[in-house]
Amino acid sequence: MNETTSPSAAPAAPAREPITCHVLDLTTGRPAPSIAVSLTLLRPFGPSAPLTAVTSSDGRVNQWSGEAGSSLTELFANLAEHDGGHTVWSLKFNTGDYFGLHQTFFPEVEVKFFVNAKDGHYHVPLLLGPWSYTTYRGS
């Protein structure tokens, strides 16, 4: 390489979604893969059409899909301009399909939470067992 040549830049990693989640199976102590998850804006302009994803082999959802290419990042940017960015969201986890019919008390777990779009990233872990669950705001 000479002085006028520069190394090619590595492709940029996709921007992190403003809301992500993670599921851990408490019966195995491992991530919970292949759980269908939906994310819906409830207030102030909702309910919106849900964004959807499936947990990865690491139990994580880092990217959401929406109808006609709708983007959570774009929605978040628009919401920050309205009502101070204060919103209410719902995450729904299809836990019945994960554990199997009659193998869990919860066919679905729904977590509703407040978000201020100006606060940046929200991560919502779900610690899941067939008979109980807990959640918190992660980092």
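This report walks through the fold, the packing and a few side-chain details of one predicted protein model.

Some ground rules come with the model: residues are numbered from 1 along each chain as its sequence is written, and side-chain values use heavy atoms, with hydrogens and water left out. Local features need pLDDT of at least 70, side-chain atom pairs count only at pLDDT 80 or more, and totals for chains, interfaces and linings use all residues.

**The overall picture**

Let's start with confidence. The score here is pLDDT, the predictor's confidence in each residue, from 0 to 100. The protein has a mean pLDDT of 86, and 86% of its residues reach 70 or more. Among its elements, helix α1 has the lowest mean, 78, and strand β2 (residues 30-31) has the highest, 98. Where pLDDT is low, the predicted coordinates should not be read in detail.

Now for the fold. There are two helices and nine strands; helices (H or I, at least four residues) and strands (E, at least two) are DSSP runs, numbered from the N terminus.

How much of the protein is tucked away? Of its 139 residues, 39% count as buried. Buried means under 20% relative accessible area, exposed means over 50%, and partly exposed is in between (1.4 Å probe, protein chains only). As for contacts (heavy atoms within 4.5 Å), take those between residues at least 6 apart in sequence: 57% of them join residues at least 24 apart.

**Helix α1 and its cover**

Helix α1 spans residues 72-79, and L72, F76 and L79 are buried in it. These residues sit on the same side of α1, because they cover an arc of only 65° around the axis. That arc is taken from the directions from the helix axis to the C-beta atoms. The cover over the buried residues of α1 includes β1 (19-25), β3 (36-43), β4 (51-54), β6 (86-93) and β7.

Strand β3 holds both T40 and L42. T40 is buried, with a relative accessible area of 12%, while L42 is partly exposed at 23%. Leaving out neighbours within four places in sequence, T40 is in contact with P47, S48, P50, V88, W89 and S90. With residues up to four places away not counted, L42 touches P47, V88, W89, S90 and K112. L42 and F114 are 72 residues apart along the chain, and their C-alpha atoms are separated by 9.9 Å.

**Rings that meet**

A pair of aromatic rings is described by the distance of the centres and the angle of the planes. Rings of Phe, Tyr and Trp (its six-membered ring) pair if their centres lie within 6.5 Å; planes under 30 degrees apart count as stacked, over 60 as edge-to-face and the rest as tilted. By this rule there are three aromatic pairs, including the two in this table:

| Pair | Centre to centre | Angle between planes | Type |
|---|---|---|---|
| F105 and F106 | 5.2 Å | 80° | edge-to-face |
| F106 and Y133 | 5.1 Å | 80° | edge-to-face |

F105, F106 and Y133 form one aromatic cluster. F105 is exposed at 61% relative accessible area, whereas Y133 is partly exposed at 35%.

**Charges**

Side chains of opposite charge can pair when their charged atoms come close. How many salt bridges does a search of the whole structure find? It turns up one, where a salt bridge is a side-chain nitrogen of Lys or Arg within 4 Å of a carboxyl oxygen of Asp or Glu. R60 forms a salt bridge with D58, their closest N and O atoms being 3.1 Å apart. R60 is partly exposed at 28% relative accessibility, and D58 is partly exposed at 39%.

There is also a charge over a ring (NZ of Lys or CZ of Arg within 6 Å of the ring centre and within 35 degrees of the ring normal). The charged end of R137 sits over the ring of Y122, 3.8 Å from its centre.

The peptide bond from R43 to P44 is cis, with omega near 15°, and P44 lies in the loop between β3 and β4. S34 has a positive phi of about 65° although it is not a glycine; S34 is in the loop between β2 and β3 and is exposed at 59% relative accessibility.
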